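Colleague: I have not seen this structure before. Please take me through it one question at a time.

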There are 2 protein chains.
Amino acid sequence: MNPDITPAELRQQIRRGDHTGNTSGLCAGFVQCNMVILPKDWAAEFLQFSQLNPKPCPVLGMSAPGSWEIPELAANLDVRSDLPSYKLFENGEFIQEVTDIKEHWRDDLVTFMLGCSFSFEEALLADGLEVRNISEGCNVPMYRTNIPCRTAGRFSGTMVVSMRPFLAADAIRAVQICTRFPSVHGAPVHLGDPSLIGIDDISKTDFGDPVTLHENEIPVFWACGVTPQVALEQAKPPFCITHSPGCMLVTDVPNSKLAIL
Amino acid sequence: MNPDITPAELRQQIRRGDHTGNTSGLCAGFVQCNMVILPKDWAAEFLQFSQLNPKPCPVLGMSAPGSWEIPELAANLDVRSDLPSYKLFENGEFIQEVTDIKEHWRDDLVTFMLGCSFSFEEALLADGLEVRNISEGCNVPMYRTNIPCRTAGRFSGTMVVSMRPFLAADAIRAVQICTRFPSVHGAPVHLGDPSLIGIDDISKTDFGDPVTLHENEIPVFWACGVTPQVALEQAKPPFCITHSPGCMLVTDVPNSKLAIL
């Protein structure tokens, strides 16, 4: 894969079935999104949940019911085919993984695109910080916490966080950098003692992979996009589609456009 | 003392000798400054030291040689009489404390006014955070560290820091708030384990008073305006005047003017 491929070209390759793997590291500099597709009668509550919990659940774009376009994020988008892999759920249970959802499409489906940590990790790297999960070539470690989300109708739960270790001065710099990006999880929600947010053992992740914590480093925790997935599992909507992990929508939006300052 | 007194009125009272105590808590909302007065041939090096070490040594204003005015900070200012108390030093040694320096004035003296933590503490309080030294009614705890300052001519040394304890989420918020105020020490320089910056015992302050660290709180450390005073003690200029602790210049500049965002 040519790393300089444009987002539009990559989406075309994915649509044709020429690229089926994950999207991490591709189209550097452009926003990638987590995706949730729900029937219209569940979408309003999910939107409310997102608005009440913007740090774990930042909505960057959403479609009209039945539409596969979100023009503010990507030109000529077809959300039914332009992500490499999709997961289908019925009543909260995983049914199957597919590379195209055209045959499952319904006129009442609403698509949500949510900000993801790739954007702020790029900003941290650009500033010269080391992002441990990237330097160790693994998924970011993620943990369930005791931080409650605000409830919206049938959606509720506790926050899932991702963790990146830093020396204190770098943690302070990371707070400054990520504060500029509120729509991709923003500033960390916690740092230091993991037990204060209900994480008993930092070496045991609930999602993703553990990373090395060097001497003198403190763990820094960000609200994580897995939070809405857990809320969906608990709410058990009759039908739901998400992207497969790592197989994101690659948008036409530069990461720098998300910086508020 | 009427707490609603204007800075101009307070400076007049001080000039007449009607107010000789410290200025903390007076003229809320207005910038107060630490002061250093040096002979011209030492001032250039001190200015360079400040520019190389802007976090502990933020210059908000300086005078022309021999002038007692700094119009960008205060109207009708006479730095020789408008602070409640002054300390005189010769060759780095404290000589005497006086309420007026007119009889010690020289045509080669340059006055520096430096940002102080009162400004960012006000911003923290306004955001609803608790500032422990204020709620416990004592001076902020300050510590010598092993963080080196950059050397400028005869001025060198290590950084002095002030400490305020916070829960982690409030510490993150404090980083965001103080980042807006780079000219009054800005974001913290460290948080968490004090030994990593050379502080062996957090209960033993080098300046100021110890404060309570509650369970689950982490100490957060800011660059402190005592740093240039320590550099002055070590450089031993033949003549030097500073404000007495807590007896600051009260300026006409609203704290909000220092916010960069």
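Colleague: At about what angle does helix 6 of chain A run to strand 7 of chain A?

Modeller: This is a predicted model. Helix 6 of chain A covers residues 226–235 and lies across strand 6 and strand 7 (158–166) of chain A. Its direction relative to strand 7 of chain A is about 155°.

Colleague: Which strands of the open sheet in chain A are the edge strands?

Modeller: The sheet has four strands in the order 6-7-9-8, with antiparallel pairing. An edge strand pairs on one side only. In chain A these are strand 6 (142–148) and strand 8 (190–191).

Colleague: Which residue does L191(A) stand opposite?

Modeller: Two bridges join strand 8 of chain A to strand 9 (residues 218–223) of chain A, and the two run antiparallel. The residue of strand 9 of chain A that stands opposite L191(A) is V220(A).

Colleague: Which three residues supply 38% of the area that chain B buries against chain A?

Modeller: The area buried between chain B and chain A is about 1,200 Å², and carbon and sulfur atoms give 77% of it. More of the chain B part comes from one trio than from any other three residues: I172(B), Q176(B) and L191(B).

Colleague: Which element gives the largest share of the side of chain B that touches chain A?

Modeller: Two elements of chain B give two or more residues to that side, helix 5 (168–179) and strand 8 (190–191). The largest share is six residues, and it comes from helix 5 of chain B.

Colleague: How many salt bridges are counted between chain B and chain A?

Modeller: The side of chain B that touches chain A has 11 nonpolar residues, four polar and no charged. Across the interface, two residue pairs are in polar contact. The salt bridge count between the two chains is zero.

Methods:
Residues are numbered from 1 along each chain as its sequence is written. Chains are lettered from A and ligands numbered from 1 in the order in which they are written. This is a predicted model: local features need pLDDT of at least 70, side-chain atom pairs count only at pLDDT 80 or more; totals for chains, interfaces and linings use all residues. Side-chain values use heavy atoms; hydrogens and water are left out. Buried area is the accessible area (1.4 Å probe) that two parts lose on being put together, summed over both. A salt bridge is a side-chain nitrogen of Lys or Arg within 4 Å of a carboxyl oxygen of Asp or Glu. A polar contact is a pair of N or O atoms within 3.5 Å; within protein, one must be able to donate a hydrogen and the other to accept it, and residues adjacent in sequence count only if both atoms are side-chain atoms. Ala, Val, Leu, Ile, Met, Phe, Trp, Tyr, Cys and Pro count as nonpolar, Asp, Glu, Lys and Arg as charged, and the others, Gly among them, as polar. Two strands pair if DSSP finds at least two bridges between them. Contact means heavy atoms within 4.5 Å. Axes are lines fitted to C-alpha atoms, for helices over the stretch in contact, and angles run from 0 to 180 degrees between N-to-C directions.
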